Amino acid sequence: MDFSFPKEYQLFRRMVREFVENEVKPLAMVIDREHRVPHETIKKAAALGLMGVPFPAKYGGMGGGEMGYCILMEELGKVDSSTGTVIGAHIGIGAMAIYLDGTEEQKQKFLVPLAQGTAIAAFGLTEAQAGSDAAAIKTTAVRDGDDFVLNGAKVFITNGDIADIITVMAVTDPALGAYGGITAFIVETDSPGFSIGSLENKMGIRGSSTAECVFQDVRVPKENVLGQFGAGFLTFMKTLDIGRASLGAATLGGAEAAMEASIQWARAREQFGVPIATKQSVHFMIADMAVEIEALRSLIYRTAWLIDTGQPHILEASACKLFGSEVAHRCIDRAMQIHGALGYSRDHFIELGWRDQRISEIYEGTNEIQRIVIAANLFRPYGLRIPT
Amino acid sequence: MKIIVPIKQILDPSGVTVRRDKERIFINKEAYILEAGSKAAIEAALQVRDVDGGEHEIVAVSLGEPRADDALREALAMGCDEAYLLTDEAFQDADISVTTAVLAAAIEKLGGADLVIAGQASADTGSGQVGARLAEALGYACVTAVYELAQEAGGLQATRRWGTGYARVQVSLPAVVTVAPEAFPPRYAHGARIMDAYRKWEVTIWDASDLELGTGALQPLLSFRRESFPAPLEVGEKFQGDPAEVARDVVTALRIQNLIA
C-alpha cells in the first residue's frame, strides 16, 4: 500500500495552494460582505484549468480525476467556502451530471465550455416541497413536437443566477413515479421563460448565490434530454453520490485551516504570563482536531481513489460528506473557543468560518439523509431495501 | 530563437529553521522546490515568446541530484518545451567552476543557444556567479540583474540595476542574461500541463560521459570546510520624536541615500 500522492498531484496541490493563497484568500472577507465571488477570480481559475479539474482533456477538462478535484476543493476549503461552493456546484454537480450521463454530442456542446470555464453550471433539483425527498418534485416537462415544455420552480439553487447551463430534474410521467417518471434535462438559461425569482439571504457562504429558478413554458429541445428518458432520478442520484466526496474534501480544508489558526493563535496569545499553547485545555482541543483531521483525510482520498478506479463508492462518499461536515463543525467551534472573543468578531476569519461551515451539514443531502444512505447500503445485501 | 534556461532545485526554506543562538540550521521537513530565481528565469523566457508569439524553443537544463527531475517537470508544466537533467555522481561536489563547466558542456551539446536566461543568484548558496561565468565559458555577451527584457533588431534591449538607478543596455546575441526575481513574478502552471509533465513528457538525462567531461573539468577548486553565521544585520535607522521633525529627518535621510530626488 502506498499512501503518497503521485507526483503530478503534489505539484498540482502546490500550484492550487499558491493560487488560492494569492488570488482567493485576500478576498474572503470582501466576498462575504459583498455577497459575490468576483467574476475575475473565476476567469483566473478557468485559465489554469481549475473549472474542469476532474474531466478528461477531450472534454476540455484538466484530466485530474476525482483525486485532483478533491485537492482543489480541500485547498479552496482552507481559504474561502464561498468560492469553493461556486466552483464546487459548477464542477461537482452541475457539469458532473452531463459528464456522467451526457451523450458525446451533449458533452462536446455543453461540457467542453463548462470544463473550460467559459460557461457556468448549476444543478436544479430542490423545490419548495422536495429536497431530501427528491422524488417529490413538481416541475413538469411535457412533450410538444421536437421540444419539451418545462413549468415549475426550483429553489436554493447554487449558482442559479450566474449559470449559463442548468441540469434540471422534471416529472415527465406522474404515474410512473421516481423510477421511470422523472427525466433530467440540460437547460440553457437564456431560454425564453427562464427567470430568477428571489435570492436567499444566508447565514454563511454569502458570496455564493442561492437562487430561485422559475420555469414558465421553457422550451427545451429533445436533444437536451440528459441520460435515458424517464431515468432522470438515477442520473441525479448518481451525480450526488460522487459529489459527496469532494464536499468532504472542502470540509477537510476548513477543518485544517481551523486547526492551523488555533496553533498559531495559541502560540501568540499570552495569559497568566505564558502562551496559551502551554495550557493542557488547549492541547486537548488541538489534539482532538488533529486526530479527526487525519481520519478524515484518509477517508477522503481513499474514496477519491475508489471513484477514480471505478469501484463502488456510495457508502464511502456519503461518509466523506457526513463525517467531514461534523469534523469541520467541531474544529471550527474549538478554534473559536481557543480564539476567545476575538474569534467571535465579525472582522475575524474564524467567525466567517464558523458561519460558512454550518451549511455543509445541510446541503446536498442533509446529514440525516447521509446516515440513511449509509444504512441502506449496509442492509441491502440482506435483502432489506430502504428507499433513499 | 533557442532559449536555454539553467534552473536549480533547492531545499524548501519553509521547512528550515535557522537558529542563530545555536549557530545551526535545522531541517524540519526535507522538501525540495524549484528555486524562485529559476522560476523568474523561466518566466522571462516565456515572456519573450509571449511578446512576439514566435517559434521560440525554450529548453530547461538542471545540474543536480536525480530528484531535480521534479524541478524540470515543473519547468515543463510552466511552459518549457524540453528538459535536460545533468546528473552524475562525479558532479556531487561541484563548485561554481564545475557547475559552469557542466552547464556549458550541456549547452554546447544542445547546439548552443541564442539566449541563455538564468536567475540572478540562487536562494541557497547565492553566489550569483554562474551566469557571468557561463557567458565567459561560452563566449557569449552577458548582462546581469535584468529588470526588463525586449528583443530588438540584432539583439536585445535590457534594463538592469545600475547603482541606485537603472541602465538600459543593448546586447548582441548570443547572450547570457540573469534576471532579478522580483521583476518576473512567475505564472501559475496550467493544471493540464502539470498532469502532462508527469504523464506524457520526458526529461532527458545526461551524465558526465554524455557531456564528454573528463576528470580535469570536474575537479572542484573549492572544498567545503565549515559553515558559519554572518554578523547580524543592523536593520534600518530609528527616528523618534515630534512627527513633523521625524518626517523631515526621514526625507533628509532618504535624500542622502539617493533613494528619493
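Domain bounds here come from an automatic or database domain assignment. On that basis, chain A is divided into domain 1 (7-120), domain 2 (122-230) and domain 3 (234-382). The model is predicted, so local features need pLDDT of at least 70 and side-chain atom pairs count only at pLDDT 80 or more, while totals for chains, interfaces and linings use all residues. Residues are numbered from 1 along each chain as its sequence is written, and chains are lettered from A and ligands numbered from 1 in the order in which they are written.

**Where domains and chains touch**

The C-alpha centres of its domain 1 and domain 2 are 23 Å apart. Contact means that the C-beta atoms of two residues, placed from the backbone, lie within 7 Å. By that test, 23 residues of domain 1 of chain A meet 18 residues of domain 2 of chain A. On the domain 1 side, helix 2 (28-34), helix 5 (81-101) and helix 6 (104-116) of chain A each give two or more residues; helices (H or I, at least four residues) and strands (E, at least two) are DSSP runs, numbered from the N terminus. Helix 5 of chain A gives the most to this side, with 12 residues.

Chain A and chain B also touch, through 15 residues from chain A and 13 residues from chain B. On the chain B side, helix 2 (69-78) and helix 5 (191-199) of chain B each supply at least two residues, and the largest share, 7 residues, comes from helix 5 of chain B.

A residue is buried if 20 or more other C-beta atoms lie within 10 Å of its own, exposed if 12 or fewer, and partly exposed in between, with C-beta atoms placed from the backbone. Strand 1 (residues 2-7) of chain B is largely enclosed by the rest of the structure, because 5 of its 6 residues are buried. Strands pair if DSSP finds at least two bridges between them. Strand 1 of chain B runs parallel to strand 6 (residues 57-63) of chain B, joined by 6 bridges, and pairs in the parallel sense with strand 8 (residues 115-119) of chain B over 2 bridges. B:Ile3 stands opposite B:Ile58 in strand 6 and opposite B:Leu115 in strand 8.

B:Val5 touches residues including B:Ala41, B:Ile58 and B:Ile117, not counting residues up to four places away in sequence. A nonpolar core is a set of buried Ala, Val, Leu, Ile, Met, Phe, Trp, Tyr and Cys residues joined through C-beta atoms within 7 Å. The largest has 187 residues, and B:Val5 is among those that touch the most other members. Helix 8 (residues 232-268) of chain A gives the most to this core, with 15 residues.

**Backbone details**

A cis peptide bond, with omega about -5 degrees, joins B:Leu173 and B:Pro174. B:Pro174 sits in the loop between strand 11 (165-172) and strand 12 (175-179) of chain B. A:Asp217, in strand 7 (residues 210-221) of chain A, is not a glycine, yet has a positive phi of about 50 degrees.
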